[in-house]
Structure formats: structure tokens, C-alpha cells
Amino acid sequence: MQNLVKACFIAALTLLVACNSPNNNQQQSPQYPGEQKVKTVEIAEDFESVTKPSYAAAQVKLKSGLWYFEDALIAGSNKDAKEGSQSVRIKGKGLLRMEFDLDGASKVTIKQAAYAGNKTSGWQLKMSVDGGKTYTQVGAGMVANKEELQTVTFIVNHKGPVRFEISKTSGGNNRINIDDFTVYSFNPSAPPGTSTQTDTTAITDSAVAGDNTNLLLGNPSNATTSTDNADNYLMEKPYYTLSYNHSRGTPNWVSWYVGKEWLGRTRRSNDFRSDESLPKDWYRVQSFSYQGSGFERGHNCPSADRASSTKANSETFLMTNMIPQAPANNQHTWGNLEGYERMLVNQGNEVYVVMGSYGIGGYGTSGFHKTIDKGRLTVPAYIWKVIVVLPNGNNDLARVNAATRLIAVITPNNNGIDPNWTKYICTVRDIEKATGYDLLSKLPKQIQDVIEARKDKGVSADDGYIMRI
């Protein structure tokens with residue numbers, strides 16, 4: 001009996017030592033019935049539990065919880081791309097929205113496709129952290145242009161209550177399929193997201209990380225979100241990204257992407273307004289700050305480049321997107337260039353654009369001025385733009401090569417300017433020399449060396465482009 005007790009004591013002691021050994025693997029599988037694995041998935045909704053045959057707006061109880069459908073149904077026809085027997089189909093500007101909160105999220109994965117026989121459609125993932133009162137966009141706008149399901153991953157890293165919505169943005173008769181909506185648990189080892197615009201990214205499983213995002217080609221001035229960097233302050237909006245110059249009261253540059261899904265029929269909102277997202281102690285340029293100056297509120301990212309929704313269009317009227325621009329320069333020369341860029345998109349291309357200004361002093365309808373708004377707004381001397389043109393497709397960064405078309409322009413900020421923008425074609429190197437920026441820094445150097453030194457040939461007779469004079 002004593003030997004048995006001794007043996008049991010030694011066995012228990014051995015087990016205790018092993019469990020407390022510093023070499024013990026803390027990540028191993030649970031050893032005891034009461035020990036739980038760390039939860040990695042919050043919900044995994046496959047839309048298989050019920051059907052919804054109508055597009056009519058309704059709440060639907062799925063296995064993950066209560067969802068709201070608008071212009072959306074659950075079906076499994078032979079034209080629906082699906083994993084299993086059915087998926088969600090969304091038309092028009094429909095949406096699919098959670099009516100319940102989760103306790104944080106690290107990432108969201110979604111399978112998407114174009115409904116068979118339909119053309120390209122745009123959509124967005126949005127998130128709410130206030131119980132569904134307000135929603136903000138997560139990552140970049142997505143494009144469904146293939147009939148086979150593709151997985152898209154959105155990095156969120158938000159701690160606390162959160163719910164999500166999928167919104168179709170492109171309208172029209174084209175439809176999209178959505179399937180296998182999975183939300184992964186918050187990961188405390190990753191940096192928590194502080195905003196749904198600046199700390200989220202979107203990636204697909206086809207090696208196209210960053211496709212269709214506003215800074216795909218690089219951050220030209222290495223702008224940061226530190227207020228100590230007030231004259232090169234990074235502001236990442238859902239619809240464009242910019243470097244703001246606090247001293248000048250204007251952006252140094254604005255960068256954005258344009259695909260056909262952005263070119264809708266939304267009316268110009270004209271709701272010019274100050275940008276309340278600027279640091280609290282900074283001067284905010286007002287909608288009336290340009291009055292009587294002889295200069296117009298010139299968009300960097302144009303209104304018509306964001307005509308897919310009222311929200312997208314309205315965002316282009318923030319004063320942080322404006323520069324004091326000579327009226328003829330704005331309406332004619334730049335208007336013609338912007339029209340040409342959108343024509344290229346409508347012809348089957350997608351474009352990455354960055355626009356900026358530099359120097360001091362321009363000629364408006366009231367003559368030469370260095371500043372306006374009681375000296376708080378600097379009038380630029382020159383305005384520039386770079387447009388990288390790619391045929392529609394995926395893996396955009398890798399597709400830029402030595403033959404890729406690149407349009408670069410510098411114009412004087414002068415009301416007597418020629419409306420023909422092709423007279424001001426330059427090279428990217430010309431702009432870099434004038435500004436000190438590195439405009440296409442994400443491209444391999446050997447490709448930069450070729451395309452940045454080449455001048456575009458301008459408009460050809462085959463383009464079908466009519467310039468406004």
C-alpha cells in the first residue's frame with residue numbers, strides 16, 4: 001500500500017512539473033475537458049439555412065443572427081455563383097446588413113462574384129461601432145467582374161461592439177453574388193484600428209493586394225498622420241487620399257483610383273464645406289473663403305470621378321480637396337483633361353491619378369495674387385497631374401510595365417491659359433524635380449526609369465475625343 005501511494009505521489013509530481021516547465025508549449029491543444037480553445041471565428045454565415053425568393057426589403061433570421069435585406073434575395077439558380085446550394089444576390093443599390101453586434105473583429109472574409117451574364121459592379125463593406133446608427137467604409141471599394149467566386153479579405157482589428165453592411169454602389173441592372181461571410185475574432189496582438197478608413201485594407205485571393213486603392217502607386221511625399229508634420233499631413237478619405245499643407249491651407253497632392261464603377265449618374269452635390277476632420281486647433285478653410293478672390297474652388301479629385309453615389313460625390317466638396325484655381329484653367333484646361341481621363345475609363349481602362357500644386361502666386365480674374373482669405377490660403381503658381389492608364393484587370397501594380405501609358409501635365413495657374421491640355425504635357429521626372437516628390441515609389445526602379453522619363457503623345461485621331469474650347 002505504501003508503495004502504491006508513493007508511486008501515485010511521484011506521478012502527480014511529475015505531471016505538475018511538466019505543466020509548469022518553462023519549455024512547455026503554451027499553444028498546444030487543450031489537455032483537460034474544462035480547458036477551452038481560443039475562439040478565432042465570431043460568425044461564419046453561408047446563407048444556406050433559409051431562402052428569400054424576393055428582392056423586397058425584409059429582415060431575415062439566419063443561423064448567425066438577424067439580417068436586413070434590401071434589393072437582395074437568397075437563391076441558388078444556375079446563374080448564381082455560390083458555395084453550396086445558394087448565395088445572396090444583390091441588385092441596384094441594394095444592401096445586406098447585420099442587425100446585431102459582435103464583440104470585436106480582426107478581419108472579414110467575403111466571397112463575391114458577378115451574377116452570370118452581368119457586367120462589372122462595385123460594392124463596399126461598411127462597419128458600425130454605434131449599434132447601427134452610422135456606418136463608415138472599410139478598406140477600398142470592391143469590384144465584382146468575374147462569374148466565379150473570389151475571396152476578399154478586409155483587415156479591421158477593431159475591439160468592441162461592431163456590425164457590418166455590404167452595399168452595392170454601382171446601381172443599374174447588373175447584379176452581384178455574395179457568399180460565405182466570415183468575421184474573425186479581434187486579435188489583441190495586432191494594432192487596434194482607430195478609424196475605419198485609415199487602418200483597414202482589402203486583399204483578394206488572386207494576388208491583387210491593394211487593387212483599386214488610392215495609394216497603390218505610393219505616398220509621394222511620405223506624408224504621415226502626425227500633427228507634428230502639419231505641412232505634410234496624411235488624410236485618408238474613403239474616396240481619395242491626400243497630403244494636407246496646414247501653412248498653405250490646401251493639399252500638397254491628392255491621389256485616387258477611377259474604374260467604371262465610380263462613373264455613375266449622381267448629380268453634382270455642390271455642398272462645399274470645411275473639413276471637420278482636421279485637427280481641432282487648425283484653421284479650417286470655409287466654403288466662402290474664396291469669395292471675391294478671382295479664383296475658383298478647384299477640385300483635385302473631381303466631382304465627376306465620384307458620381308457613383310451621393311455620399312461619394314459629396315466627399316469631393318470638402319475644402320481640403322480644393323485649391324485656388326484660375327477659372328479658365330479650372331473649367332477648360334483641367335476640365336478637358338478630366339473628361340479625357342473618364343473617356344479612357346469608359347473605353348475599358350482603369351486609371352490611377354495623383355494631382356497637386358506648388359509655387360506661390362497665380363493670375364485669376366482679379367489679377368495676380370499670392371494669397372487669399374486674409375493671407376490664410378496660398379495661391380499656387382503651378383498645377384500638375386499624373387494619370388497611369390491600365391486595361392481593366394487584376395493585380396494592377398504588377399501589370400504596370402515599361403509600355404504602360406502614363407500622362408503627366410504641368411500648367412501655370414493662369415486665367416489666360418490655353419484650353420488644350422496637351423500643350424502642357426511633361427514627364428513625371430519634371431514634376432518630381434519641381435516638387436521633390438517620388439510619385440511612383442511602389443514600382444520597381446527599372447520601370448520608373450523608363451515611364452517617368454517618357455512624354456505622352458497626347459490625343460490621337462482614333463480616340464474619339466472632342467476637346468471643349
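How many bridges join strand E5 (residues 102-114) to E8, and in which sense do the two pair? I found nine bridges, and the pairing is antiparallel.

**Ground rules.** I'm working from a predicted model, where local features need pLDDT of at least 70 and side-chain atom pairs count only at pLDDT 80 or more, while totals for chains, interfaces and linings use all residues. Residues are numbered from 1 along each chain as its sequence is written, and side-chain values use heavy atoms, with hydrogens and water left out. Strands here are DSSP runs of E, at least two residues, numbered from the N terminus. I call two strands paired if DSSP finds at least two bridges between them.

**Strand E8.** E6 (residues 121-128) runs antiparallel to E8, with six bridges. E4 (residues 87-98) also pairs with E8 in the antiparallel sense, over three bridges.

I then noted some residue pairs. Aspartate 103 sits opposite proline 161 of E8.

Next I checked burial (buried is under 20% relative accessible area, exposed over 50%, partly exposed in between; 1.4 Å probe, protein chains only). In E8 (residues 150-168), 15 of the 19 residues are buried, so the rest of the structure largely encloses this strand.

**Serine 185.** I found this one in the loop between strand E9 (176-184) and strand E10 (201-204). Serine 185 counts as buried because its relative accessibility is 10%. Its side chain makes a polar contact with the side chain of glutamate 42, at 3.0 Å. For that term I used a pair of N or O atoms within 3.5 Å; within protein, one must be able to donate a hydrogen and the other to accept it, and residues adjacent in sequence count only if both atoms are side-chain atoms.

Terms used
Helix = DSSP H or I, 4+ residues; strand = E, 2+ residues; numbered from the N terminus.
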